[in-house]
Amino acid sequence: MSEDLKAAVAAGVVGSEESFRTLLQSVVEVARAIFGAKASSIFLLDEEADELVFEAIAGFGADTLLGKRFPSSTGIAGWVLVTRQPLVIEDVTEDPRFAKDFAEETGYVPKGLMAVPLLNEERTLGVLEVLDRPQRSQFSLVEMDLLGLFANQAAIALDLLQRARRAERVLAESGDGAEVVARLAATVDSLEDERRAAGLKLLAAVEEVLRRDEGG
Amino acid sequence: MAQPEESAPRELRPAWSLPAGAAEGLAVPVEWPGEVTREWAWGGSTGKGVTVCILDSGVDEAHPLVNGVQRSVVASVGPNDEVLVEDDTEGDLCGHGTACAGIVRSLAPDCELVSVRVLGAGFTGSGGVLLAGLRWAVEQSFDIINMSLSTTKKQFAGILHELTDRAYFQRTVLVASAHNMPVESYPWRFSSVISVGSHEEADPLAFYYNPDPPVEFFARGVDVEVAWTGNARIRCTGNSFATPHMSGLCALVLGKHPELTPFQLKSVLYLTSANVGGAK
């Protein structure tokens, strides 16, 4: 890879994680709004640790659960992950095991949930859950289809997030300073109008000075 | 009935063919009526004598809707890729297996239930554990294996295909949940299994044949009251609840007609489907 291309790729990677996190967050916000639910969350599968991680949350738990981890194959999310089958549970009158982790952290006990696997081709990336939609009507297969559509979107966002993280890691491990340069380029690129113009001017001046010294 | 293999030395038989004059030996034990009705298919049956294996998250055998399990085991894969199957004392790690067991029991109250837990050892090894559990269940020659699991990994498709065919030819009926989402997954897509999707009706005995496969049957899978861990009862939706309804029906039919091969059983299900006119 040429140095220019490397710099361009690096510039594209830096800061993209933030964008994909925003996309993921918007998926859970919309899922929560469309279903009129109390909360919605996306769990990412951390394959190395074999754990599920709360990656995005809308509604209850948003302040406390982000980043929390639990074993990948227990509870409802674990079942959905391993079986790759969506599951809808309603009308929980007692306290089955699935609600406990959530309830202990938030003090909020869901009465029902919808959980769907996030699949990208052969890979299973995580689980999308929607908690406590209103009990206005009986659940229908149309809603199951809607849930599947959201899951597709969430899976794409999760895939992008993972790619961005991998690329950042590679960049950080390369140890040749490309990360610093890329971060600087991304920062300048994110500025607006006058500040951006000033930033570019400053970088151009820095480049000129460096080249002059090099030419020595 | 066809003669068992041990009574006819393999070397004397033309491979996979029927010698002249041997057709008389192929008597089919089931007397088929002119019209196959539900009364003929399972009238009076309670599933007695039929063993249904629940390949899932374990089963809470103390739950009143489950009413006992003959045996509970957990499958895992050893350090040398060997299949390990041990008695399971963990119960149900999720609730789903208990739900499936309860549905089968509600339709076929006198069947035997066996739980094979293939969940709980982490996601990473879950494909291998699923294969290990299924392989063991097929080797036990259970009458019916209920599975709501599927894998999207193409590397497992070949082995799963081999296992499901083996089950089919040895008269183990594999009932598998179709996927709710438009993804390629296995083994439900194989024609040797009975694949099940959901309909929205409330009648547990209502089922439909799908003339547009790969999903072959639709059974009750929406808003089903099921058993759950902690002696709970909850309402659930998903193809994974439609599947044990078909397993329960299979148990009823096999309880009355134990000689049926999976092909014949599938034919009975077809003829007794609500949209084929056999719902009498």
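**View 1. Chain A of the predicted model, shown as a whole.** Chain A has seven helices and six strands, in a model that is predicted. Read from the N terminus, the elements of chain A follow the order α-α-β-β-β-α-β-α-β-β-α-α-α. Of the 216 residues in chain A, 38% are buried. Among the contacts in chain A with a separation of 6 or more, 59% are between residues 24 or more positions apart.

View 2. Glu55(A) lies in strand 2 of chain A, which spans residues 51–59. When neighbours within four places in sequence are left aside, the contacts of Glu55(A) are Leu24(A), Ile42(A), Phe43(A), Leu44(A) and Gly126(A). Leu45(A), which is 10 residues from Glu55(A) in sequence, lies 9.5 Å from Glu55(A) in space, taken from C-alpha to C-alpha.

**View 3. The buried side of helix 6 of chain B.** In helix 6 of chain B, which comprises residues 262–271, the buried residues are Pro262(B), Leu265(B), Lys266(B), Val268(B) and Leu269(B). Because these residues cover an arc of only 155° around the axis, they are on the same side of helix 6 of chain B. An α-helix has 3.6 residues a turn, so residues three or four places apart point the same way.

**View 4. The packing of helix 5 of chain B against helix 6 of chain B.** Two packed helices are described by the angle between their axes and the distance between the axes. For helix 5 of chain B and helix 6 of chain B, the angle is about 110° and the axes are 11 Å apart. The two helices, helix 5 and helix 6 of chain B, are therefore roughly perpendicular to each other, and the crossing in which helix 5 of chain B passes helix 6 of chain B is right-handed. At this contact, Leu249(B), Cys250(B), Val253(B) and Leu254(B) of helix 5 of chain B meet Leu265(B), Val268(B) and Leu269(B) of helix 6 of chain B. Sorted by class, the residues in the contact of these two helices are seven nonpolar, no polar and no charged.

Note on methods. Residues numbered from 1 in each chain as written. Chains lettered and ligands numbered in written order. Predicted model: local features only at pLDDT ≥ 70, side-chain atom pairs only at ≥ 80, totals over all residues. Buried ≥ 20, exposed ≤ 12 C-beta atoms within 10 Å, placed from the backbone. Helix = DSSP H or I, 4+ residues; strand = E, 2+ residues; numbered from the N terminus. Arc of directions from axis to C-beta. Contact = placed C-beta atoms within 7 Å. Axes fitted to C-alpha atoms, helices over the stretch in contact; angles between N-to-C directions. Parallel < 35°, antiparallel > 145°, perpendicular 65-115°, else oblique. Left-handed = near helix turned anticlockwise from the far one by under 90°. Nonpolar A, V, L, I, M, F, W, Y, C, P; charged D, E, K, R; others polar.
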